[in-house]
There are 2 protein chains.
Amino acid sequence: MAGQVLTPQGEDFPRWYQDVVARAELAENGPVRGTMVIRPTGYAIWERIQAELDARIKAAGVENAYFPLFLPQSYLAKEAEHVEGFSPELAVVTHAGGKELEEPVVVRPTSETIIGEYMAKWVNSYRDLPLLLNQWSNVVRWEMRPRVFLRTSEFLWQEGHTAHRTQQEAAAFAERIHREVYEDFMTQVLAIPVIRGRKTAAERFAGAVNTLTLEAMMRDGKALQMGTSHELGQNFARAFNIVYLSDQGKQELAWTTSWGSSTRMIGALIMSHGDDNGLRLPPRLAPVQALVMIVKDGEGVHEAAHRLVDELRHTGIRAKLDDRVDVAFGRRAVDAELKGVPLRLEIGPRELADGKVTLVRRIMGGKDVVALDQAAALSAEALLVDHQALFDEAEVRLDLRTEDVESIDDAIAAAQKGLARIPWAKLGVEGERHLAASSITVRCLVRDDETIPVSDDDPEAYAVVGRAY
Amino acid sequence: MAGQVLTPQGEDFPRWYQDVVARAELAENGPVRGTMVIRPTGYAIWERIQAELDARIKAAGVENAYFPLFLPQSYLAKEAEHVEGFSPELAVVTHAGGKELEEPVVVRPTSETIIGEYMAKWVNSYRDLPLLLNQWSNVVRWEMRPRVFLRTSEFLWQEGHTAHRTQQEAAAFAERIHREVYEDFMTQVLAIPVIRGRKTAAERFAGAVNTLTLEAMMRDGKALQMGTSHELGQNFARAFNIVYLSDQGKQELAWTTSWGSSTRMIGALIMSHGDDNGLRLPPRLAPVQALVMIVKDGEGVHEAAHRLVDELRHTGIRAKLDDRVDVAFGRRAVDAELKGVPLRLEIGPRELADGKVTLVRRIMGGKDVVALDQAAALSAEALLVDHQALFDEAEVRLDLRTEDVESIDDAIAAAQKGLARIPWAKLGVEGERHLAASSITVRCLVRDDETIPVSDDDPEAYAVVGRAY
């Protein structure tokens, strides 16, 4: 329907992405290079992401807090790998309050250091552990090649930080977040199938001993990292002196984790589900699940439309009325398609006279004329079915475009159109470096039994490799 | 009960405030001067503030969006008064991505300028108006004399920004927010009575033509500005060229407003309601309204406590279980008092044997032994009554400590223990400057008929003057 509005995906995928972001009014570039303005349509998606993730994070026993935007420069230097990893991306405040600062201040690229400093104050005995914190905030990592939602100099995210008594407990918690918060949210709400795996040493978070990741495949076959959960070992506990008195009366170093997911997921949502007509929002995420559209005025039409909105809401559906009859109907319909509203219920004098409404399904396409008094129940059913359909479509793509290979050359060939799975023993650190020359990275290490490799050199591990956002 | 824990208010009010913030685990100073760490207990209060305000903001038809943290330095300079007002408080990023920036970047102290820039892009015709936006974000204003929650170099807030066709429409919207969002929230949720008035020219927001304010009185008689709503006239529309094609086919400048409220409100909450035993959280705000405490273990105690929590929740009460019987009961009770939980329901083997539970009321004090099967209903009633009691107590204080005076000397005397109301015609701009020498400011201009003065020289206006946070 929106034929001319967007560059077709098949013609130029990056251009299609830019078009959708602009035409669906999701975001724009900010005035300072690499920053973005998130418009109401985009921000409503972020609010839904926040609500769903926040509920899962709290269900895992984690409490929200807020730590400052500004870090003393000296904090970062306390963990050697961490400072090395983040230094090239830092924004530095040198002047404030009309004066030059004695010690320059860094805008947080992530908060392991400052949270480590405070954990050290708050943790005294084993009774204070585990300490489970999360914050919703903005962070800054200067970007050389920015792209809205995917790589921005400032982005919004949540970052969880926890401290535990033992390595086992920390590892189990990092995996719990990976599975119960991230994987559950991504599959059950975003309708995006994900590969759960372990990062190689080269791809690990700066300062972590183990990084768990969730990788998704976009419609162009490229991978996108959706969220990561890190075991930090005792690296930050040592740097910031997070020490507790054990139940044996001994001073012990704590074990910490951190984990994050960001506005990048909006980019993933667009590129995983969008089509040539625009966004397709997964039903459980969609801020508006059903849009009741008045086609044109007529006796009783407004009342019937309002009643329908009420019925949809009673059925538990996020419904909204579009009664802007002074705007051409076709234009409104194209706008709803672009913005990916899962269901449209179109009602006008003709439909009402027959006691009918036209139910238009954005996700799998098609429209049905249904009885007005059945519309709410049918909508609820359609939303359930369409979540699954959207997930299945993405899963089929992931399966079809992931190729099992036995050589590095075959991996490079397969990565031109999707992902390749190669035995890690055949690739190794050498092969990983070789792939980098073709802009191909190891997205993660996985195992056939769907458990996650517990070490960097698990002989049964496979490397999933590909091009990535 | 918590006798020794806090410095008494009567002895040293500022010290008492610091003690409460620390002992109730609300917040701490951050490592960079003037910043703060908001701990889970404090942040849960902020989340409740956000939820209540956000619902009211959305009910006014406003949509959330997000604009960048970084502003080009040139933006601020576009509105002369605005740049003059904010320049002394700015934090400036001069280096990023390992290089010196060509144009330094300012960390937002507020977002009128950047939002004005984008409104100009989005507004074309009268059909695009009103444009009603809000954002939840952090802002930075360098503080010379920081104090947790009250004056911090970084704070969290919401800032609303709207554009309208006419001056009347903009003025009406600024007043609507002032009344339906801020006053309603502050009185109905925070249980804090507020004086609604107009700022004098000297106290106005930098760049505004009219600033509406809500002022509250703290327990030490000092005033605290709770939130402000500004008419910006056409100042920012002119600076950023927010122009629309009217329905008459003419190019017109829009009229804009902005309005904000911040984490300062947590400071107000503490100082308006707190007593020598700690916080007293207003029932509708409290993250935990009722804490079911197991006094000690015994047969059936845990089951009964869980059942009680369930019943409370079914009654619509935010209830939590404290079953940490390995921690001394007295210590847990003091902690709940410090943190201001409105109701405690204490249950142990003795209470259970009698089918009873002890209901302890934090706000007005007192404890009652009540039948277990009546506890949820009585709790709901207590929360209603205690909201009103807390509000009434604050209102009596505000009335008793606001003195009507006829001379500047009397105003200075009255302001030592509270607020003074003096006819604006007798004070004037000269008198306002005179008061400043005694650290007394005009909090706002009001009228006897409770309407808000529509000009700076309304002959029937009274000035409410006092010392302020």
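1. In chain B, strand β5 and strand β6 (residues 99–107) are paired in the antiparallel sense over four bridges, where strands are DSSP runs of E of at least two residues, and helices are runs of H or I of at least four, numbered from the N terminus. Two strands count as paired if DSSP finds at least two bridges between them. Within this pairing, B:H95 has B:E100 in β6(B) as its bridge partner.

2. This is a predicted model, in which local features need pLDDT of at least 70 and side-chain atom pairs count only at pLDDT 80 or more, whereas totals for chains, interfaces and linings use all residues. Residues are numbered from 1 along each chain as its sequence is written, chains are lettered from A and ligands numbered from 1 in the order in which they are written, and side-chain values use heavy atoms, with hydrogens and water left out.

3. The pairing in chain B belongs to an open sheet of six strands that takes in both chains, in the order β4(A)-β6(A)-β5(A)-β5(B)-β6(B)-β4(B), with antiparallel pairing. Its edge strands, each pairing on one side only, are β4 (70–72) of chain A and β4 (70–72) of chain B. Neighbouring strands of this sheet are turned against each other by 45° on average, direction ignored, the axes being lines fitted to C-alpha atoms (for helices over the stretch in contact) and angles running from 0 to 180 degrees between N-to-C directions.

4. Where the two chains join in this sheet, β5(A) and strand β5 (residues 91–96) of chain B run antiparallel and are linked by five bridges. A:A96 stands opposite B:A91 in β5(B).

5. The contact between the chains (heavy atoms within 4.5 Å) takes 53 residues from chain A and 53 residues from chain B. The buried area, that is, the accessible area (1.4 Å probe) that two parts lose on being put together, summed over both, is about 4300 Å² between chain A and chain B, and carbon and sulfur atoms give 63% of it. A:Y66, A:F70 and A:W122 supply 15% of the area that chain A buries against chain B, more than any other three residues.

6. Six salt bridges are found across the interface of chain A and chain B, a salt bridge being a side-chain nitrogen of Lys or Arg within 4 Å of a carboxyl oxygen of Asp or Glu. One of them joins A:K58 to B:E47, with the closest N and O atoms 3.1 Å apart. Strand β5 (residues 91–96) of chain A gives the most to the side of chain A that touches chain B, with six residues.

7. A second open sheet lies in chain B, where five strands follow the order β16-β15-β17-β18-β19 with mixed pairing. Its edge strands are β16 (319–322) and β19 (367–371) of chain B, each pairing on one side only, and the twist averages 25° from one strand to the next. Strand β15 (residues 290–294) of chain B pairs with β16(B) in the parallel sense over four bridges, and B:A290 has B:A319 in β16(B) as its bridge partner. Helix α10 (residues 329–339) of chain B lies across β15, β16 and β17 (343–347) of chain B, and runs at about 175° to β15(B).

8. Over all chains the count comes to 74 salt bridges. One salt bridge is formed by the side chains of A:D456 and A:R198 (3.0 Å, N to O). This pair links distant parts of the chain, 258 residues apart, with A:D456 in the loop between β22 (441–446) and β23 (462–466) of chain A and A:R198 in strand β9 (residues 195–198) of chain A.
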